[in-house]
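We will go stop by stop, with something to pick at each one.

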Amino acid sequence: MTDADFDYIRKLLVDRSAIVLGDDKRYLVEARLAPVIGQLNLPSISDLVGKLRFESNNGLATRVVEALVTSETSFFRDISPFEVLRKTVIPELIAARASERKLTFWSAACSTGQEPYTIALTLREYFPELANWQITILGTDISTDVIAKAKQGVYSQFEANRGLPAKLMVKYFQQSGTTWQLDAAIRNMVEFRQFNLAAAWPMLPKFDVIFLRNVMIYFDVSTKREILARVERTLAPDGLLVLGGAETTLNLTEAFVRVERMKAGYYQRVARECGHTIILRKSQS
Ligand SMILES: C[S@@+](CC[C@H](N)C(=O)[O-])C[C@H]1O[C@@H](n2cnc3c(N)ncnc32)[C@H](O)[C@@H]1O
């Protein structure tokens with residue numbers, strides 16, 4: 001791949017998704033585009049770039065972007081955010097929302113669905129008292145490919161084994177050969193939509209918990225700031241933002257503070273009034 005081809009692909013990716021690829025990601029571009037050039041019977045990445053230059057509106061650019069994004073995920077990924085969700089966050093929300101009987105969750109870069117389905121499984125398995133509540137779980141991702149897979153809720157043995165407790169696998173999945181399909185009752189708890197965090201946002205409800213995990217690492221500082229500002233406006237005043245283990249709001253915004261007692265990447269909104277910082281969420285510890 002020539003420098004010009006690499007730069008063209010990097011620009012396409014950042015323009016379409018805000019994902020920034022460093023100089024050291026040449027191997028990644030070559031590896032991820034190899035199947036695309038194979039499927040199109042093209043001799044090389046240069047030919048693909050040539051095609052892109054002339055046909056940038058025919059879906060090819062989308063295909064290239066989708067091939068380049070990292071969609072690594074798993075059920076109960078990193079475990080501790082979901083333990084905190086079960087032991088602390090949901091019980092506190094149940095108390096705080098007792099009159100509305102409504103809870104809203106958003107998995108904002110949900111990949112193939114394991115993250116929003118983990119939320120759904122947690123609610124269904126551990127909180128029978130929510131049976132008559134209005135529960136919204138939204139799963140969104142830039143990639144139409146991963147959204148299509150998420151909607152099916154069908155996982156390989158390997159994907160199902162990654163993080164899913166055997167008890168939940170047996171109780172909520174149907175095995176068919178070497179794949180496992182999540183029961184419709186759990187699939188129907190999650191609404192999936194294609195949605196680019198770096199483009200204009202549609203109207204969204206206020207969420208109680210927003211999972212924005214393992215996606216901001218790919219963005220530059222100004223994109224991170226812009227997305228966090230929009231997240232702040234989309235989160236309930238006492239809601240929680242959950243980031244990935246390698247992510248932080250530090251040096252990006254003062255609109256959030258890390259919730260120390262919750263560990264595991266939980267952040268709460270702060271409101272600044274007359275020079276004072278007011279924490280909007282009551283601490284029960
Ligand atoms: C590494 S996965 C993380 C999945 C899940 N949140 C987790 O932590 O397991 C990152 C996901 O972010 C999505 N993504 C990348 N850029 C995006 C953007 N601009 N808007 C929405 N989703 C994006 C990718 O398609 C990918 O599925």
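In the loop between which two helices is Ile79 found? Select Ile79 and you will land in the loop between α4 (60-68) and α5; helices here are DSSP runs of H or I with at least four residues, strands are runs of E with at least two, and both are numbered from the N terminus. Before going on, please note that this is a predicted model, in which local features need pLDDT of at least 70 and side-chain atom pairs count only at pLDDT 80 or more, while totals for chains, interfaces and linings use all residues. Residues are numbered from 1 along each chain as its sequence is written.

Most residues other than glycine have a negative phi. Ile79 counts as exposed because it has 11 C-beta neighbours inside 10 Å (the limits are 12 or fewer other C-beta atoms within 10 Å for exposed, 20 or more for buried, and partly exposed in between, with C-beta atoms placed from the backbone).

Now select Ala18, in the loop between α1 (3-17) and α2. Ala18 is not a glycine either, and its phi is positive at about 75°. With 22 C-beta neighbours inside 10 Å, however, Ala18 counts as buried.

**Along α2**

Next, pick residues 26-39, which form helix α2. Its 14 residues reach 20 Å from first C-alpha to last, close to the expected 20 Å, where the expectation is 1.5 Å times one less than the number of residues. Look at Leu33, where α2 bends by about 35° (the angle between axes fitted to the seven residues ending there and the seven starting there). A proline, Pro35, follows within four residues. Just after α2, Asn41 takes a positive phi of about 55°.

**Zooming out**

Colour 3-68 as domain 1 and 80-279 as domain 2; these bounds come from an automatic or database domain assignment. Their centres, taken over C-alpha atoms, are 30 Å apart. Five residues of domain 1 are in contact with 10 residues of domain 2, contact meaning C-beta atoms, placed from the backbone, within 7 Å.

With the whole chain in view, you have 11 helices and 11 strands. The radius of gyration is 20 Å, close to the 19 Å that the globule rule gives for 285 residues, so the chain is as compact as a globular protein of that length (the radius is taken over C-alpha atoms, and the rule is 2.2 Å times the number of residues to the power 0.38). Along its principal axes, the C-alpha trace spans about 60 × 55 × 30 Å.

**Into the cores**

Select Ala120, Val209, Ile210, Leu212, Leu241 and Val242, which touch the most other members of the largest nonpolar core, a set of 56 residues. Such a core joins buried Ala, Val, Leu, Ile, Met, Phe, Trp, Tyr and Cys residues through C-beta atoms within 7 Å. Helix α5 (residues 80-96) gives the most to this core, with six residues. Another core, of 13 residues, lies apart from it and includes Ile9, Ile45, Leu68 and Ile142.

**Last stop: Glu115**

Select Glu115 in helix α6 (residues 114-126). Glu115 is buried, with 30 other C-beta atoms within 10 Å. Leaving out residues up to four places away in sequence, show its contacts: Thr73, Arg77, Ser107, Cys110, Phe211 and Arg213. Finally, draw a C-alpha distance from Glu115 to Phe211; they are 96 residues apart along the chain, and the separation is 8.4 Å.

How values were computed:
Two residues are in contact if their C-beta atoms, placed from the backbone, lie within 7 Å.
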